[in-house]
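Biologist: I'd like to go through this model with you. Can you take my questions one at a time?
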Amino acid sequence: MSAVLEVRDLHITYASSSGLVPAVRGVDLEIAPGETLGLAGESGCGKSTLAMALLRLVPPSTQITGSIKLAGQDILTMKPGQLRAARWAQASVVFQGAQHVLNPVRRIGRQIDEAIEAHGSASVSRAGELLDLVGLGARRGDDYPHELSGGQKQRSLIAMALACDPLLLIADEPTTALDVMVQAQILQLLDNIKRERGLSMLFITHDLSVLSHTADRVAVMYAGRIIEVGAGDALLRNSLHPYSKALTASFPIIGDPSSRHQPRGLAGDPPDPNNLPSGCPFHPRCTVAIDECQSVDVQLRHAADDEERSVACVLVGKS
Amino acid sequence: MCAGGQIMTATESLLNVSNVHVAYPARRRGGKSARAVDGVDLEIRLGEIVALVGESGCGKTTLARAILGLQKISEGLIAFDGELLPTSANGKKAFRRRVQIVFQDPTASLNPRQSVYEIVAEGLRIHGLGENEHHVVKTALEQCGLHPAERYMLKYPHELSGGQRQRVVIAGAMVLKPQLLVADEPVSSLDASVRGEILALLQRLARDENMAVLVVTHDLGLPWNIADRIAVMYLGRIVEIGTTEELLANPKHPYTQALLSVVLEHLGMPQQILVGEMPDPTEIASGCRFHPRCPLVQSGEAQRRGIADRCTHEDPLLQMSGNQQSVACHAVGV
């Protein structure tokens, strides 16, 4: 079966007051039916820009090149009417910060029906059914957003994203503002829904620990590019790129003596997209960089000892 | 541990919180007050790092504010260095030099119109410690990892990264050489790679300056990184407290066990996801405040052990269980 989402050589450049900002610089990725891809990276790495571009939800002045195929159709060449039909019905988004996404003066159920009216075709209200599905209960459809807790709002956003039976769910930091227990509840919910409906999911997060539970495959982004991609558990347990290594090490394993009283981080700051370092953009922060790293910008390539793994680092063997 | 009402004056004890309650009055007439902090005992010793762990709404920030003297308590006692928190203006000022705070979001806590130098020097000026100001500011900035200090002194907050801003906030606290630093979610708004750097800094400062740190967090990984002891809070009460090693290796309260299971699931531990969310502090259940969500009660385990009745009717007190661990649960030891 062909991929639900296939992105090839995607470049996204913002126009800002300080000139053109290359936020995404050549990304390839694909998501198979029923698969969850975790996209991890820190603020400013381009992960949210990438997610928004998948449905062309970026400012009109933004330059996008490459291709984004959703169920075989290229999003970037679609006419407005086609795009409108693809949004929500083929792919929908669960945004971060549920507090700010919901309309505060509309009842939850009404907001869900609006999404269906705008993008789908159902003539009867499905809000109740969807709210039941996400464990909120149909009766909460009469509530206003302020009557719900953070976790409940996030559940209602998930209900809204499912309203038109999409093939792909794009979840942008869906659990970031939530408490650990509520976060676990939401992850479990997303996992159940994904299994029951055979959904594909793009799960974007800065918190790698969330992905261990959720993602079949994980891609790590740095400075607008994917620098490592591979099977979820294998990558999180044994990352090969020095940046992914630093990122995984910064989440302590409770009970592991090597991290007790040893918080680990990464010195330096992410690069300014307007002024990227030469060679590998990570080399100024890299603890194992060699001379070559200042001049050679390695593309993603297969790692020798893991078929499913690709890494963009001179130190990680060629296939 | 601090026994009910009595203030300990052991030499190593720095802060003693004893049976502290904070109740916010009801919004409407006839409504119930919100018992945000509902009877907390806590001791912090000189130079130790204590993590206060809990979810939003558990009262951890209110308790931290009460310790800082920023929140009036409705019952109980708080003593710092053997004396009750001061009420006079002069006493408060002196106290505030010795106890400093670091908030979650460094962008919100820094004045955007002040340079780094002015931000760090402000505390010195307020407390009349302006002698040798330039040297003190420079030392504090470098101690907090911003060196050479000259490179940062004239910058403004918007010219710094999130991690650098938090270092400036910490430097502003450190110039006053506090004995206690209260850090409220000091890394939760920072990127993962910066998180470890800031935690390492807090740990180093605590050791070098023999400064106690109370770090308020929702993340159980943070105490494993830096804390000597952990207090777990649920709905206004500390339900379990102990050394980090003891408590994380062998959590005894069902709430702690559940919290730990959801962060440890990558180790293949079965997840214990609790149903529902933390209740409103106006509606604290009778008996054990955790019983409506407790897996032991829900699974019938409490019934089998013959404690179900106590769980629903009798408020459990923190009791020693293990070396330095205390737990408020009827099931422990049954």
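Predicted model: local features only at pLDDT ≥ 70, side-chain atom pairs only at ≥ 80, totals over all residues.
Biologist: What hand is the crossing of H7(B) and H8(B)?
Modeller: Right-handed. Helices here are DSSP runs of H or I with at least four residues, strands are E runs of at least two, and both are numbered from the N terminus.
Biologist: At roughly what angle do the axes of H7(B) and H8(B) cross?
Modeller: Roughly 15°, and the axes come within 10 Å. Axes are lines fitted to C-alpha atoms, for helices over the stretch in contact, with angles from 0 to 180 degrees between N-to-C directions. That makes H7(B) roughly parallel to H8(B) (under 35 degrees; over 145 is roughly antiparallel, 65 to 115 roughly perpendicular, the rest oblique).
Biologist: Which residues of H8(B) make the contact?
Modeller: B:Val194, B:Glu197, B:Ile198, B:Leu201 and B:Leu205. H7(B) brings B:Gly162, B:Gly163, B:Gln166, B:Arg167, B:Ile170 and B:Met174. Contact means C-beta atoms, placed from the backbone, within 7 Å.
Biologist: How many residues does H8(B) have?
Modeller: It has 18, residues 192–209. First C-alpha to last is 26 Å, close to the expected 26 Å (1.5 Å times one less than the number of residues). Just after H8(B), B:Asn210 has a positive phi of about 50°.
Biologist: What do the buried residues of H8(B) pack against?
Modeller: In chain B, E3, H7, E7, E8 and H9; in chain A, helix H10 (242–249). The buried residues include B:Gly196, B:Leu199 and B:Leu202. Buried means 20 or more other C-beta atoms within 10 Å of a residue's own; 12 or fewer is exposed, in between partly exposed.
Biologist: Now the interface. How many residues does each chain give?
Modeller: Chain B gives 33 and chain A gives 31. H8(B) has the largest share of chain B's side, nine residues.
Biologist: And what is chain A built from?
Modeller: Ten helices and twelve strands. Buried residues make up 48% of its 319 residues. The C-alpha atoms of chain A fill a box of roughly 65 × 50 × 45 Å along the principal axes.

Definitions and conventions: Residues numbered from 1 in each chain as written. Chains lettered and ligands numbered in written order. Contact = placed C-beta atoms within 7 Å. Left-handed = near helix turned anticlockwise from the far one by under 90°.
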